[in-house]
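Here is a friendly walk through one protein chain. Please keep the model open as you read.

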Amino acid sequence: MEAFLVSTGIVALAEMGDKTQLLALILAARFRKPWPIVAGIFVATIANHTLAGAVGAWVTTVLGPDVLRWVLGGSFIAMAGWMLIPDTMEDAASDDAPRLGVFGTTLVAFFLAEMGDKTQIATVMLAAKFNPYWVVAGTTLGMMLADAPVVWLGDKITKLVPIRVVHIVSALVFATLGVAALWPQS
């Protein structure tokens with residue numbers, strides 16, 4: 001249960017102000033069809049985070065426990081620094097109807113935007129530390145908790161939450177996990 005809760009919380013915080021959350025906002029403003037957008041986000045997240053979880057689980061078979069501890073600790077601390085750098089995304093939307101439909105366009109755009117993203121890398125690191133199945137379930141829920149309200153409520157939700165504070169809290173959580181991973185095990 002710890003893996004699920006930690007994964008949900010970390011990704012929900014990391015997603016605030018992230019480029020994929022901005023993408024959700026752009027898609028919602030452009031298409032104004034929340035259900036296919038949310039469904040596309042959900043399917044893309046499951047696919048992307050399942051791959052990330054598999055990579056995280058694989059890493060544990062390649063690296064010894066001491067090396068893994070240092071890699072994870074350093075990665076979490078690096079992620080803390082990365083959280084303090086806000087994402088931006090230019091709105092390159094046109095008035096053309098999407099070739100793949102709203103669901104397909106969202107699915108492809110989200111899957112590609114999530115590649116190498118903070119939340120995908122966090123999923124890899126968490127899956128290396130915890131049970132990857134619970135991590136993928138938690139990170140998917142975290143993504144949905146952060147992105148679905150943006151689709152339905154648009155920029156009203158982003159004006160209520162001070163993104164800078166969310167980024168600082170996220171950085172502190174990642175830094176704490178990094179220090180905990182590096183702390184000598186008794």
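Ile 46 has a relative accessible area of 33%, so it counts as partly exposed (buried is under 20% relative accessible area, exposed over 50%, partly exposed in between, with a 1.4 Å probe and protein chains only). Ile 46 sits in helix H3, where helices are DSSP runs of H or I with at least four residues, and strands are runs of E with at least two, numbered from the N terminus.

Ile 46 belongs to a nonpolar surface patch with Phe 42, Val 43 and Phe 103, and together they have about 300 Å² of accessible area. Helix H3 (residues 34-62) gives the most to this patch, with 3 residues. Patches take residues with over 30% relative accessible area and no salt bridge; like charges are joined within 9 Å, and nonpolar side chains (Val, Leu, Ile, Met, Phe, Trp, Tyr) within 5 Å. A salt bridge is a side-chain nitrogen of Lys or Arg within 4 Å of a carboxyl oxygen of Asp or Glu. Accessible areas come from the Shrake-Rupley method with a 1.4 Å probe; for residues, only the protein chains shown count as cover.

## About the model

This is a predicted model, in which local features need pLDDT of at least 70 and side-chain atom pairs count only at pLDDT 80 or more, while totals for chains, interfaces and linings use all residues. Residues are numbered from 1 along each chain as its sequence is written, and side-chain values use heavy atoms, leaving out hydrogens and water.

## The chain overall

The chain has 9 helices and 0 strands. Of its 186 residues, 44% are buried. Among contacts (heavy atoms within 4.5 Å) with a separation of 6 or more, 92% join residues 24 or more positions apart.

## Two residues of helix H2

Gln 21, in helix H2 (residues 19-31), counts as buried because its relative accessibility is 3%. Leaving aside residues up to four places away in sequence, Gln 21 touches Glu 15, Met 16, Ala 146, Asp 147 and Val 150.

Ala 29 also lies in helix H2, but counts as partly exposed, at 44% relative accessibility.

## Helix H5 and its cover

The buried residues of H5 include Val 102, Phe 110 and Glu 114. Their cover includes H2, H3, helix H6 (118-129) and helix H7 (132-153). Just after H5, Gly 116 takes a positive phi of about 75 degrees.
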